[in-house]
Amino acid sequence: MLVLEDGRTFAGRSYGAVGQTLGEAVFSTGMTGYQETLTDPSYHRQVVVMTAPHIGNTGVNDEDPESRRIWVAGYVVRDPARRHSNWRATRGLDEELADQGVVGISGVDTRALTRHLRERGAMRVGIFSGEALAAPDILLERVRSAPQMAGADLSAEVATAEPYTVPAVGEKKYTVAAVDLGIKGMTPQRMAERGIEVHVLPATTTLEEIYALDPDGVFFSNGPGDPATADHPVALMRGVLERSTPLFGICFGNQILGRALGFGTFKLKYGHRGINQPVKDRATGKVEVTAHNHGFAVDAPLDGVSDTPFGRAEVSHVCLNDDVVEGLRLLDRPAFSVQYHPEAAAGPHDAAYLFDRFVSLMEDQRA
């Protein structure tokens, strides 16, 4: 049984682990890349509803995970594959979910559930199977007693506990300090492919620890939770901006830059999640198909230039679906960010140029 906090319920079959899970119900519109979705730390404490009806047909392999484990709190699919078939697969998706203790449900009308979330907004949800099943009013009370996503400070729960290094591929050209707020494995890999040695640091790292590396640039990653709670990353980013070190942020990092510049953030009704979101780069006029996973956004003026404590800033990218701020750029310091995921391991790759833009900032600063 799937129970939403507004009382609506959906019955189905157990998929993955049997038991109880609670979280925020969100939906992802990606038709591929379910393994990358499951292992994205930004989905911590969220129950993901897949809008694509057929899930699991390519199984699970050991090459595609974006982190050390599955992070979703629960998984909802309509029509799971009866058996997987792919030359890279080592096991089935249902087996992987069960092994990692992820409670899921299948056979659900995910179209109806998604339409409900679009109309009512993301909300708390529970999935119950086996001995966790109980009377509907008892299950609803469990759901309503779960913590809300608004006000949640989660980045330290998913970030690395110890620093580690991803070496440059080929000749080392630059050193980047990457603040891990929920980083995905492909992100430092995309930088390494461009000759960058990436030092991934815990979310609790200090400014002194960053500059002990003598970095050419600083990167702030994606991650889960409410950016309004991220006071330490905001203070850290302001320290980087004061030193005019080239800076690049994605997703949660974009929200952190927004706060560092003095803008507010707010919770979206149901967020952007999937690999088919249209975003316009205002500098070039190009429309990119992009990968998203965020439930919060930056509240900044879409038109014109804003004065900030670190000089002039402008909105560089905007979502064509709903005019949400999708990127920020400082005009007087070498810093920019985007709200989406340019590394996009499962695709699309329209936004890969942003890593080259980061390299250009470091080249210019060195010159």
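Which elements each supply at least two residues of the lining of the second largest cavity? Keep that in mind, everyone, while we look around. Please remember that this is a predicted model.

The elements are α9, residues 252-260, and β17. Of these, β17 gives the most to that lining, with 4 residues. The cavity itself has a volume of about 120 Å³. Its lining is made of 15 residues, and those nearest the centre are Gly 223, Pro 224, Gly 225, His 294 and Gly 295. If you sort the lining by class, you get 5 nonpolar, 9 polar and 1 charged residues.

Now, how many cavities of 30 Å³ or more does a search of the whole structure find? The search finds 2. How do we look for such places? In general, a probe the size of a water molecule is rolled over the atoms, and that shows where empty space is left.

So let's visit the other one. The largest cavity holds about 210 Å³ of space. There are 22 residues lining it, and Thr 37, Lys 184, Gly 274, Ile 275 and Ala 291 are the closest to its centre. Three names to find on your screens are α1 (34-38), β16 (264-281) and β17 (287-299), the elements that give two or more residues to this lining. By class, the lining of the largest cavity splits into 7 nonpolar, 10 polar and 5 charged residues.

As background, an α-helix has 3.6 residues a turn, so residues three or four places apart point the same way.

One last stop, at Trp 87. Where does Trp 87 lie? You will find this residue in the loop between β8 (79-80) and α2 (93-99). Is Trp 87 buried or exposed? Trp 87 counts as exposed, because its relative accessibility is 77%, and the cut-off for exposed is over 50%. From Trp 87 to Asn 61 is 26 residues in sequence, and 9.5 Å in space, C-alpha to C-alpha.

Conventions: Residues numbered from 1 in each chain as written. Predicted model: local features only at pLDDT ≥ 70, side-chain atom pairs only at ≥ 80, totals over all residues. Heavy atoms only, no water. Buried < 20%, exposed > 50% of the residue type's maximum accessible area, 1.4 Å probe, protein only. 1 Å grid on protein atoms, 1.4 Å probe; cavity = no way out; pocket = protein on both sides within 12 Å on 5 of 7 lines; lining within 4 Å. Points joined across faces, edges and corners; volume = space filled by probe spheres on them. Nonpolar A, V, L, I, M, F, W, Y, C, P; charged D, E, K, R; others polar.
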